[in-house]
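Here are a few exercises to work through with the model open beside you. Try each task before you read its solution.

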Amino acid sequence: MATIPYPAASGTARLSLTSFWIALLAVAMAPFVIGSDYLFSAILVPVLILSLAGLGLNILTGYAGQLSLGSAAFMAIGAFATYNLYLRIPGLPLLFAMAGGGLVAAIFGLVFGLPSLRVKGFYLIASTLAAQFLVPWLLSQYDWFSNDNASGVITAPPLLITGVSFDSPAGRYAFTLGVVAIVTILARNLIASPSGRAWMAVRDMDLAAAALGISPGRTKLFAFAVSSFILGVAGALWAFTYLGTVEPAGLDLDRSFQILFIIIIGGMGSLSGNFLGAAFIVLLPILLSRAGAILTGGDLGSDVLENLNKVAFGALIILFLIKEPDGLARLVGRLRPTNKPIQQEPN
Amino acid sequence: MQFFLEVLIGGALAGIMYALVAIGFVLIYRASGVFNFAQGSMILFAALTFVNLVERGVPFWIAFAVTLAILVASAFAIERLVLRPLANRSVITLFLATLGLSYMFEGSAQLLWGSQVHALELGISDEPLAIAGLSVSSFDLVATGIAGTLVIILALLTGRTSLGLSLRAVAADPLAALSIGIRLDRVTVIAWSLAGFVALVAGLLWGARSGVQFSLALIVLKALPVLIIGGFTSIEGVIVAGLLVGASEKLAEIYLGAIIGSGIENWFAYVLALLFLMVRPTGLFGQPALARI
């Protein structure tokens, strides 16, 4: 049962689906034509990486229903693991090092996910917060992780794939886009698979899921592993293609909250929501600072702007939770024509 | 040995302060089942408002009353604008909403009053006292006395009065509470106002101890493990857990820190809370939750 019959509309639907993919491709490629270095390195690259981080958290929280406040810790693990694998295994290609970094993050995700076998809801926050505080401490305490670098700040190695350099701003964007696209497609397939449906069953009612023969413990742990893997890859990208340095400082509790806000504003349990939410969260501070400069005729000062941002984000979170719990993804979805047949995943 | 005891006592006294913050959580959690992440920013907001009023020449008790009035007004606003529209939503949604509240409290406190550090003088002297051969800070003792008194009053208020009964009734089953004539909105406002009061007292004590500054908002992160070890519903449990966390993290910092490196204080309480979770998922004194399908 692939499609619920819906006369006359399926042709246009397929057409609009194709045109949707073409439009998406066009949007992804457009920056190469019109892009400036600022657009690439200050907006597009962080938006893509934060989208990927949002996807990681969304799998755990949006799809499997386990709240986490430690996303940035797993990003830090991914970044440092990638760096150390690349450094210590000669000849290891960068992309493999990144996948390895993701795997190391996944192992840590399993460890910090273990309490989910016994506790639920916000008791679980303690476990992810423990990760958030323990991991940066470990990374800055033991110099081995930063290769005995005195300052603890490491310059990321050049971005090379089979000898081709991706070190220009446009190249970094292309590199990030490629990795994000591949991981997103894999995650999409996983969500549509029985594993994905098991996540949602456990999220909606774990006791009922258990009665149906789904093992809640195994399902939750798998969600922790996949989520941490994606966050780890996002962390590696954050260090290698965005910052150009590997350091735990920027991956603190505030970053974890930011990723949480991305999925609340973008949409829990939605793939496109991660991208919408990340774009929103990167662009809003820029818009606020521009608007402030125009309204007051001068610079507001970073202190005032930061606090304005906080109030704005706090209010937006509450507003979205009340008015649109499914986030921007649903808002945008409403704008699209609705003559699409309801598609079900093939068995 | 003497040094060990001094560290233990100093830690335990600091732990009472954690407990004071954690009690703000328990009050709201018992009344509305909401895990209020904004408790820390409420402390920052209350302390900043109070200290700025005092610095502008407002007498102590009037500044206290005005700050309390603002907190009660925000309790009304929160009930009306945030909690009521979110009635019957999942606990996680409510938690996320308090995360938004937390950002709003933090941002507006610093927009209104700026973000520089203020000194706060409560007239409590801070000098080392020698008790049974051990050196103990007199400020810590007075602060513990205030916190302890407040804790006992709150425990009696929520445990032994009809108000306390209605608070617990609402938490146990909002619908049943409504049907026997308990005003849900009023109980919620009272709980949030009480939590605001606790935040103000905690803000003053912490502010006098370490200055009124942004780090006050981060106490919430210290109170969380205390809550988990003590159990979300028990004031007694939170006090015991506060003592335990305060004392053990100071001891760990000094004795364990010498072996594996300093800075343990930042995460030790969480690892302790995790160990407790694995053994006793409902905390020391928490009630086990029954799940029904």
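**Exercise 1.** Describe how H9(B) and H11(B) pack, starting with the handedness of their crossing.

*Solution.* Step one is the handedness: H9(B) passes H11(B) in a left-handed crossing. Keep in mind that this is a predicted model. Step two is the geometry: the two axes come within 9 Å and cross at roughly 20°. Step three is to name the arrangement. Angles under 35 degrees count as roughly parallel, so H9(B) is roughly parallel to H11(B).

Step four is to list who meets whom. From H9(B), the residues are B:Lys222, B:Pro225, B:Ile228 and B:Ile229. Their partners in H11(B) are B:Ala269, B:Tyr270, B:Leu272, B:Ala273, B:Phe276 and B:Leu277. Step five sorts these by class: the contact has 9 nonpolar, no polar and 1 charged residues.

**Exercise 2.** Work out which elements of chain B build its side of the contact with chain A, and what kinds of residue are found there.

*Solution.* Begin with the head count: chain B gives 37 residues to the contact and chain A gives 31. Next, look for elements of chain B that supply two or more residues to this side; they are helix H4 (91-113), helix H9 (219-230) and helix H11 (265-279). Of these, H4(B) provides the largest share, with 16 residues. Finally, sort chain B's side by class: 27 residues are nonpolar, 9 are polar and 1 is charged.

**Exercise 3.** Sum up chain A by its elements, its burial and the sequence range of its contacts.

*Solution.* Start with the elements: chain A has 13 helices and 4 strands. For burial, 47% of its 347 residues count as buried. For range, take the contacts in chain A between residues at least 6 apart in sequence; 75% of them join residues at least 24 apart.

Note on methods
Residues numbered from 1 in each chain as written. Chains lettered and ligands numbered in written order. Predicted model: local features only at pLDDT ≥ 70, side-chain atom pairs only at ≥ 80, totals over all residues. Contact = placed C-beta atoms within 7 Å. Nonpolar A, V, L, I, M, F, W, Y, C, P; charged D, E, K, R; others polar. Buried ≥ 20, exposed ≤ 12 C-beta atoms within 10 Å, placed from the backbone. Axes fitted to C-alpha atoms, helices over the stretch in contact; angles between N-to-C directions. Parallel < 35°, antiparallel > 145°, perpendicular 65-115°, else oblique. Left-handed = near helix turned anticlockwise from the far one by under 90°.
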